[in-house]
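Here is a short report on one chain. It starts with a nonpolar surface patch and then turns to a helix.

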Amino acid sequence: MSRSFAGAWVPWPRCRQQRADGELGCAFVLMCILAVATAQAGSDPPDTAAPLTMEEAARLAAVDQPLLTGQQAKIQADEQQAIAAAQLPDPQLSGGLKELPIDTPEAFSTRRDNFTEFTIGLSQEFPRAEKRRLQGARKQLDADAGRAALDNEQRMVRRDASLAWLDLYETEQGLKLTQRLADEATLQVQSLEKDYSSGKASQADWFAAKTDAGLAADKAHDWLHHELRMREGLARWIGDEARRSIAESLTTPGALTPLPGLIASADHHPVIGNLDKQIEASATEVALARQSYRPDYSVEVYYAYRRDFADFVGIQFKMGLPYFTKNRQDRGLAAALEQSHASEERKRDLLRELHTQISQDYVVRRHFRERVADFDASIIPDALHRVDAARTAYQSGRGTFDAVLLARRSLLDVQLQRLALAVESARAQVRLDYWSASQTSSGESP
């Protein structure tokens, strides 16, 4: 069984088994770590494309996206239906046999009885012009709501693609940090092996170094697993472009937009625009319900043919009688009014929800940015100084090797924490960009 890394297959379990057996010592630890870094270079053609940035991933996600093209097709369908809904109904052609006797000496004869006739007619219904206009406007509002939904889905696609890129960025950077530690641990094993052979280092220190190198290799393996999964997650949005290398830098806006401005911009978000169109549609439904109190009419013209007798022509009118309105028109109007009220309340609730989410993302963004600044200012430099001090003390005989290993592991943990904080800050900014519809091009390295 083997593991893949960006298209290459790496024999991880075999390396780990040989390392565990202790047959060749630290050499196999080094082979396992270097295999991850060199497998792609040995099996894939060189990647000449520029590194994939988060902004480019968001842009690519909107290209040839079935989710968006399907919504566009629905909008076009609603627009076509809006035109059709405002037109008169199709005319109807009728024909038949009338006044055929059945119980006289002339029964079933079409010639002997002068009332028997063959008829053909053409009828047309005439719904009121205002009703037709409202029906067309109602379908057009569906198309307008679809445009707002399309705008929102475009932003959701950009947001989700950016978040997928951040997931991949975090795993790649975590893998690189862990590989760096694994490389250092392997070199330390080689150095201690020589010192142990010459009696300058204890056997305990040598085994401690080998254990530390093995743990670092296992952690790198785990990050590799996550990197492969996150790359497939990004491929859901941008396809094969997700196989490209990821940009090393992570940029976010240098200054946060004030919270009141973010909340105000949310009032014009496409989600709200979609609800506004639904409210307009509910008002149109109310107007249509009022129109149901006014009757429609139809006209029919016909021609009657009688064998051996004179032919007839005729015209007749039909008109609805909305007389029993208590349980029909009144109920329909009441339902339309309640639906309109429900749409307005839904908008109020959604505005509250959006304002809450924006406020929370704003707090998260500011909190993680401040923590990243603290890590850069003091925590990471102190962790580096600790490693240097522990290594110097050990080399001079005043410290233990365990202190070196502990300081080195602590540095990796600090660097991974800083990475997680930076990515969380960027995720919060991506969500804020979605709510405020802002697209940032300049930024800072968090």
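Strands are DSSP runs of E with at least two residues, helices runs of H or I with at least four, numbered from the N terminus. β4 supplies the largest share, 3 residues. Patch members include Leu 93, Phe 108, Leu 122, Tyr 303 and Val 313, and the patch has about 1100 Å² of accessible area together. Areas come from the Shrake-Rupley method with a 1.4 Å probe, and for residues only the protein chains shown count as cover. Patch residues have over 30% relative accessible area and no salt bridge, with nonpolar side chains (Val, Leu, Ile, Met, Phe, Trp, Tyr) joined within 5 Å. A salt bridge puts a Lys or Arg side-chain nitrogen within 4 Å of an Asp or Glu carboxyl oxygen.

The model is predicted: local features need pLDDT of at least 70, side-chain atom pairs 80 or more, while totals for chains, interfaces and linings use all residues. Residues are numbered from 1 along each chain as its sequence is written, and side-chain values use heavy atoms, without hydrogens and water.

Helix α4 (residues 66–85) has 20 residues. Buried means under 20% relative accessible area, exposed over 50%, partly exposed in between (1.4 Å probe, protein chains only).

| Side of α4 | Residues |
|---|---|
| Buried | Leu 68, Gln 71, Ile 75, Asp 78, Ala 82 |
| Exposed | Pro 66, Gln 76, Gln 80, Ile 83, Ala 84 |

The buried residues of α4 fall within an arc of 75° seen down the axis, so they line one face of the helix. The arc uses directions from the helix axis to the C-beta atoms.

How values were computed. Expected span 1.5 Å × (residues − 1). Patch = residues over 30% accessible without salt bridge, like charges linked within 9 Å, V, L, I, M, F, W, Y side chains within 5 Å.
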